[in-house]
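Me: I would like to go through this structure with you, one topic at a time. Could we begin once it is on the screen?
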Amino acid sequence: MTDAAPRRGRGRPTRTQTEAAPATRDRILEAAREEFSERGYEKTSVRGIAKAAGVDSALVHHYFGTKEQVFEAAIEVAFAPALGAPVAVEDGPLDAVGERLTRFILGIWENPATRTPLLAILRSAVNNETAAAVFRRLVATQLLRRIAGQLDAPDAELRAELAAAQLVGIAMLRYVIKVEPLASADPEQIVARVAPVVQGHLTAP
């Protein structure tokens with residue numbers, strides 16, 4: 001009589017799944033971004049993400065853990081284009097940093113490919129405290145502190161936060177709430193008016 005094959009523990013991937021781990025993980029992340037984008041943080045579930053990715057919900061937990069951790073992993077990818085902002089601050093003279101940063105951030109929002117996932121992040125952060133906490137942590141550690149590190153000022157972190165508040169506020173009004181005439185204004189007109197304000201936040205005495 002042949003011994004029965006050992007049972008696989010619940011939630012553990014099979015050998016085939018393990019070998020295909022990178023592709024499976026990417027598929028789950030893509031499904032998570034779409035679910036969070038369409039439903040927001042509150043209405044998205046691990047089970048729904050798993051269904052959209054065509055996997056068992058145990059695999060979502062195996063690769064990422066809780067829904068909060070899935071959200072953080074998903075928005076890190078979506079937020080990646082904005083992480084070039086510190087380079088925009090560093091790459092050029094300090095007296096033109098406001099224009100460089102404003103133009104860089106506005107360019108990300110003007111591009112539909114990068115705007116869509118950012119809209120999902122903002123909507124989730126506005127409507128749910130858990131999502132907001134994840135977003136704050138990501139922005140603080142990977143963006144604002146890096147920008148502050150480029151400034152030669154004792155209140156560099158506050159300056160970076162004020163500049164970010166200016167730009168995030170514009171993004172909310174223009175792309176999320178769509179307040180006119182800001183929503184339809186020419187991007188160059190926005191840069192011309194906002195860049196000096198951002199410059200002031202970052203470098204004014």
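Me: Which helix is threonine 24 found in?
Reply: Threonine 24 belongs to helix H2, residues 21-43. Helices here are DSSP runs of H or I with at least four residues, and strands are runs of E with at least two, numbered from the N terminus. This is a predicted model, in which local features need pLDDT of at least 70, side-chain atom pairs count only at pLDDT 80 or more, and totals for chains, interfaces and linings use all residues. Residues are numbered from 1 along each chain as its sequence is written, and side-chain values use heavy atoms, with hydrogens and water left out.

Me: Is threonine 24 buried or exposed?
Reply: Threonine 24 is buried, because its relative accessible area is 7%. The cut-offs are under 20% for buried and over 50% for exposed, with partly exposed in between, using a 1.4 Å probe and protein chains only.

Me: What about H8, how many residues does it have?
Reply: Helix H8 (residues 112-127) has 16 residues. From first C-alpha to last it reaches 22 Å, close to the expected 22 Å, where the expected span is 1.5 Å times one less than the number of residues.

Me: What caps its N-terminal end?
Reply: Asparagine 111 caps that end of H8, with a side-chain oxygen 3.0 Å from the backbone nitrogen of alanine 113.

Me: And which residues of H8 are buried?
Reply: The buried residues of H8 are Thr114, Leu118, Leu119, Ala120, Ile121, Leu122, Ser124 and Ala125. They pack against H2, H5 (67-79), H7 (97-110), H9 (129-148) and H10 (156-176), contact meaning heavy atoms within 4.5 Å.

Me: Where does asparagine 128 lie?
Reply: Asparagine 128 is in the loop between H8 and H9. With a relative accessibility of 11%, asparagine 128 counts as buried. Its side chain reaches the backbone nitrogen of threonine 130 at 2.9 Å. Setting aside neighbours within four places in sequence, asparagine 128 is in contact with Tyr41 and Glu42.

Me: Changing topic, how many residues line the largest pocket?
Reply: The largest pocket is lined by 29 residues, of which Phe135, Val139, Leu143, Ala164 and Val168 lie nearest its centre. The elements giving two or more residues to this lining are H7, H8, H9 and H10, and the largest share, nine residues, comes from H9. On a 1 Å grid over the protein atoms alone, a pocket is an open set of points with protein on both sides within 12 Å along at least five of seven lines, a cavity is a set where a 1.4 Å probe fits but cannot get out, and lining residues have an atom within 4 Å of a point.

Me: What is the volume of the largest cavity?
Reply: The largest cavity has a volume of about 60 Å³, a volume being the space filled by probe spheres set on grid points, which are joined across faces, edges and corners. Residues lining the largest cavity include Thr102, Trp109, Tyr175 and Val194.

How values were computed. A polar contact is a pair of N or O atoms within 3.5 Å; within protein, one must be able to donate a hydrogen and the other to accept it, and residues adjacent in sequence count only if both atoms are side-chain atoms.
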